[in-house]
Amino acid sequence: MVVLIRSYGNHGNRLFQNLHLEAFCREYGIEYFNAAFLDMARMFALPYRLYSSLFFRMFFVMRRLFQLNRNQRFPYIHCADSDRSEEYRRQLISGKERLVFADGWGFRAYDLVEKHSEYLREKY
């Protein structure tokens with residue numbers, strides 16, 4: 001599972017940050033959860049359940065306390081540079097077998113956003 005743990009920007013920027021990661025995960029059959037989107041979930045047809053939101057809100061607090069990084073138990077990918085999207089794709093693929101945390105504005109998958117655009121439009 002890939003979990004987006006920090007949002008960047010306001011409504012529109014956060015939506016675009018989400019679209020690229022969600023389209024990528026959908027393409028590769030990776031579970032995806034945008035914990036940073038919970039405060040906006042009521043505006044969309046998002047399938048967030050109460051227990052999921054409480055679990056990930058609690059995890060946000062833990063992340064802030066322990067500052068998860070690559071050297072600790074859970075992989076953490078900071079997508080800061082859109083020129084490194086291929087590297088981020090390889091790292092995100094590991095979300096099929098384990099929990100991976102991601103943040104940043106730099107991940108791009110334009111081809112997959114276009115491919116899954118109908119699904120994304122319906123959802124958001």
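**Exercise 1.** Classify glutamate 27 as buried, partly exposed or exposed, and then find its salt-bridge partner.

*Solution.* Glutamate 27 has a relative accessibility of 28% and therefore counts as partly exposed, given that buried means under 20% relative accessible area, exposed over 50%, and partly exposed in between (1.4 Å probe, protein chains only). The model is a predicted one, in which local features need pLDDT of at least 70 and side-chain atom pairs count only at pLDDT 80 or more, while totals for chains, interfaces and linings use all residues. Residues are numbered from 1 along each chain as its sequence is written, and side-chain values use heavy atoms, with hydrogens and water left out.

The next step is the partner: the side chain of glutamate 27 meets that of lysine 115 in a salt bridge at 2.9 Å, N to O, the term requiring a side-chain nitrogen of Lys or Arg within 4 Å of a carboxyl oxygen of Asp or Glu. Because glutamate 27 lies in helix H1 and lysine 115 in helix H4 (residues 110-115), the pair ties together parts that are 88 residues apart in sequence; helices here are DSSP runs (H or I, at least four residues), as are strands (E, at least two), numbered from the N terminus. Lysine 115 is exposed, at 54%.

**Exercise 2.** Describe the salt bridge between arginine 89 and glutamate 86.

*Solution.* The closest N and O atoms of the two residues are 3.7 Å apart. Both residues belong to helix H3 (residues 85-93), where, being three residues apart, they are separated by about one helical turn. Arginine 89 is buried at 13%, whereas glutamate 86 is exposed at 52%. Finally, salt bridges that share partners join Glu86, Arg89 and Asp111 into one network.
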